Amino acid sequence: MLTTDFVAGSPCWLDLGSPNVEGAVDFYRDVFGWDHRSAGPEAGGYGIFRKDGKDVAALGPLTEEGASSAWTVYFRTLDADATAKAAEQGGATVRVAPFDATDAGRMACLTDPCGADFAVWQSGTVKGLETVTEPGSLCWTELHTSDPTAAKAFYRGIFGWRSEDVKVPGMTYTVLSTAAGEDQQRASFGGVVPVREPADKPHWLPYFEVPDVDQVVARTEGNGGSVVMPAADAPDIGRMAWLADPYGAAFAVIKSVTPPAEPAPSSG
């Protein structure tokens, strides 16, 4: 399960690139009740989404040529340069070479061999998100890819991720876990699924825990967003929906059957 005890290879941050920062702030405030705080004039329009006083995500303008609005998931690494090099050797594209984000940390922006964008984060003063798994925060990450077998091999090569294929109605779902942790299920943080259509772009989809999926769907549509997959119940998992904000960035929401309580972070 996703926690703020960010071990190597775990999701630790996510941000949204949007063509309309003010519009995105208004949308996510109305949908999730998030507040927004600018990171300052030197941050180039980057800012932090907060829920109950804790950082849950970030937002900034589109900075890459030809980029479209999307959420980017960041994975913890102990060495951003080494991970970027290993990813490139594994067939990935380094879109933004490793650089220091002030004293907060060091990062790189990558695209996996199948075309899904992601980023890596080597923490400095900022370890990662301040809350996860709670209502209104990140609780799961899911890779939608054109080649699940190749994708699993690629990420295993750079992060050491473990995987387990489980049968769910109509398909096989791959559950991903970090390399660390004796209990593989407890170390899980995401999954892998095939893209729904061959022409769909591979991507990482963030899931946010919510108290009422149908209310969030209604607020999404009421604020100019759209429904990608209608709300549905998944046995023993929860009720979920895939959505998109008014500018096309995809995200998912879920009310878990039994939302796990987040354990206290380790002192290490």
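This report walks through a predicted model of one protein chain, from its overall build to a few single residues.

## Overall build

The chain folds into four helices and 16 strands. Its radius of gyration is 17 Å. The globule rule gives 18 Å for 268 residues, so the chain is as compact as a globular protein of that length. Along the principal axes, the C-alpha atoms fill a box of roughly 50 × 45 × 45 Å.

How much of the chain is buried? Buried residues make up 46% of the 268. Take the contacts between residues at least 6 apart in sequence: 59% of them join residues at least 24 apart.

## Surface and charge

The accessible surface of the chain comes to about 12200 Å². Carbon and sulfur atoms account for 52% of that surface.

The chain carries 20 positive and 36 negative charges. How far apart are the mean positions of these two sets? They are separated by 3 Å.

## Cysteines

How many disulfides does a search of the whole structure find? It finds zero. The cysteine sulfur nearest to that of C12 belongs to C109, and it is 12 Å away. A disulfide needs two cysteine sulfur atoms within 2.5 Å, so C12 is in no disulfide. C12 is also buried, because its relative accessibility is 0% and the cut-off for buried is under 20%.

C114 is another case. Its closest cysteine sulfur is again in C109, here at 19 Å.

## Two loops with a positive phi

Most residues other than glycine have a negative phi. D52 is not a glycine, yet its phi is positive, at about 55°. D52 sits in the loop between β3 (47–51) and β4 (54–61). Is D52 buried or exposed? It is exposed, because its relative accessible area of 70% is over the 50% cut-off.

D236 also has a positive phi, near 65°. Its place is the loop between β14 (226–234) and β15 (238–244). D236 counts as exposed too, with 76% relative accessibility.

R196 lies in the loop between β12 (188–194) and β13 (203–209). Its relative accessible area is 48%, so R196 counts as partly exposed.

Which residues does R196 touch, leaving aside its neighbours within four places in sequence? The contacts are V228, M229 and W242. R196 and V126 are 70 residues apart in sequence, and their C-alpha atoms are 36 Å apart in space.

T133 belongs to the loop between β8 (117–123) and β9 (138–145).

T133 and L2 are 131 residues apart in sequence. Their C-alpha atoms are 6.6 Å apart.

How values were computed: Residues are numbered from 1 along each chain as its sequence is written. This is a predicted model: local features need pLDDT of at least 70, side-chain atom pairs count only at pLDDT 80 or more; totals for chains, interfaces and linings use all residues. Side-chain values use heavy atoms; hydrogens and water are left out. Buried means under 20% relative accessible area, exposed over 50%, partly exposed in between (1.4 Å probe, protein chains only). The radius of gyration is taken over C-alpha atoms; the globule rule is 2.2 Å times the number of residues to the power 0.38. Contact means heavy atoms within 4.5 Å. Accessible areas come from the Shrake-Rupley method with a 1.4 Å probe; for residues, only the protein chains shown count as cover. Lys and Arg count as positive and Asp and Glu as negative; His and the chain ends are not counted. The place of a charge is taken as NZ of Lys, CZ of Arg, CG of Asp or CD of Glu.
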